Amino acid sequence: MSEHVIAKRIYVGIFAGLIALTALTTAVAYVDLGAFNTVAALVIAVCKGTLVALFFMHLKYQPGLTRATVLAGLLWLAILLVITLSDDFTRQWSPTGQSWQQSTVQRTGP
Amino acid sequence: MAEGHAGTALVAHQFDDAEQQREASSLGMWIFLATEILFFGGLFCGYTLYRNLYNAGFDAGSHLLKVKYGASYTAMLLCSSLTMALGVRAAQLRQRKALMLYLVLTLLLGAAFVFIKLRYEWYGDYLERLVPGIDFGPQGEALEVIQRFHAPLSHVALFMIFYFVMTGVHALHMTVGVGLLLTLLILAWRGRFTGGNYNPVEMVGLYWHFVDIVWIFLFPLLYLIGGRY
């Protein structure tokens, strides 16, 4: 049997780490880091999510096929985000898109 | 073929052994969760797009939410994930009473989450007139926040729509999870999972932790943006 019973103290340790990261992400929101506030929030969220997936969801002990499934889900999420956002972020680069440029000015406001 | 505690076969006839059965369940559940990643991913993608377009509106909207709610939800969900993980562990070790205790704790935390969200947070938002489509007309303090950010009302309304849809869909998942836990609890009481086949407990656990991960991303993106310093 490859079933893996994880020690209670590991679960509790992971939980303590997650609570600490929650406190950290809340505290960081009150410190002025400029654009890095969002980056910090996302990095901490990814760390927390990874901890939950690896230990609470036992991903660390799953066969490769299961891990590949998770990676496939994340890959498609990346495709969704990258293609959508790269379209939007590069629209004002268009040399002929006068109306787009105007709408960009309206978007960002005075 | 081995017989379980409640007289049901431990290993269904299409599987060679218990390990293959467990891996099949686990793979199926993870495939479902991969579709869920993309389900929530669409919402996160829309959020990112519009936050980039209407930065001030989203920052102002975030300031209309209360961090104390967001942070306590996170703590509650993390606690419930711990109790769920310990519940799966109890099922692995065939400890029926411990399993039932952890299922009850998880269920209570999940139900408390949904109750507090609906009864206090959302009802409070409604009283402050912050619900687009039903009653959107921020006044007093909320209006001052919006003016401080020079945010157009329609942009703040869009943030609130994202907030209600994203947390609403999440709360719906929580409600489904509470229903699943209730079912597990009844079956656990009958000794169904402590006879050797605890797959359903593990699968509901995966679902529960996934919903927790979604909240881990919702919390900073909705409650903590817009420079709170």
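Guide: Of the 110 residues in chain A, 20% are buried (20 or more other C-beta atoms within 10 Å of the residue's own; exposed means 12 or fewer, partly exposed is in between, and C-beta atoms are placed from the backbone). This is a predicted model, in which local features need pLDDT of at least 70 and side-chain atom pairs count only at pLDDT 80 or more, while totals for chains, interfaces and linings use all residues. Residues are numbered from 1 along each chain as its sequence is written, and chains are lettered from A and ligands numbered from 1 in the order in which they are written.

Chain A has four helices and zero strands, in the order α-α-α-α along the sequence. Helices here are DSSP runs of H or I with at least four residues, strands are runs of E with at least two, and both are numbered from the N terminus. Among the contacts of chain A between residues at least 6 apart in sequence, 38% join residues at least 24 apart; a contact means that the C-beta atoms of two residues, placed from the backbone, lie within 7 Å.

Helix α1 of chain A covers residues 8–28 and helix α2 of chain A residues 36–56; they pack at an angle of about 170 degrees, and their axes are 10 Å apart. The axes are lines fitted to C-alpha atoms, for helices over the stretch in contact, with angles from 0 to 180 degrees between N-to-C directions. The two helices α1(A) and α2(A) are therefore roughly antiparallel (over 145 degrees; under 35 is roughly parallel, 65 to 115 roughly perpendicular, and the rest oblique). On the α1(A) side, the contact is made by A:Ile10, A:Ile14, A:Gly17, A:Leu18, A:Leu21, A:Leu24, A:Thr25 and A:Val28. On the α2(A) side, the residues include A:Ala40, A:Ala41, A:Ile44, A:Leu51, A:Phe55 and A:Phe56. The residues of this contact divide into 13 nonpolar, three polar and one charged. In this scheme Ala, Val, Leu, Ile, Met, Phe, Trp, Tyr, Cys and Pro are nonpolar, Asp, Glu, Lys and Arg are charged, and the others, Gly among them, are polar.

Next comes the loop between α2 and α3 of chain A, where A:Met57 is found. A:Met57 counts as buried, because it has 30 C-beta neighbours inside 10 Å. Apart from its neighbours within four places in sequence, A:Met57 contacts A:Val52, B:Leu206 and B:His209. A:Met57 and A:Thr26 are 31 residues apart in sequence, with 25 Å between their C-alpha atoms. A:His58 is in the loop between α2 and α3 of chain A too, and has a positive phi of about 60 degrees although it is not a glycine. Most residues other than glycine have a negative phi. A:His58 is buried, with 20 other C-beta atoms within 10 Å.

Now the partner chain. The contact between the chains takes 45 residues from chain A and 42 residues from chain B. On the chain A side, α1, α2 and α3 (64–89) each give two or more residues, and α3(A) gives the most, with 14 residues. That side of chain A divides into 26 nonpolar, 13 polar and six charged residues. The predictor gives the complex an ipTM of 0.91 and a pTM of 0.90.

Chain B has seven helices and two strands, in the order α-α-α-α-β-β-α-α-α. Of its 229 residues, 41% count as buried, and the C-alpha trace of chain B spans about 70 × 30 × 30 Å along its principal axes. Its average pLDDT (the predictor's confidence in each residue, from 0 to 100) is 93, and 96% of the residues of chain B score at least 70. Over residues 1–7 of chain B, pLDDT stays under 50.
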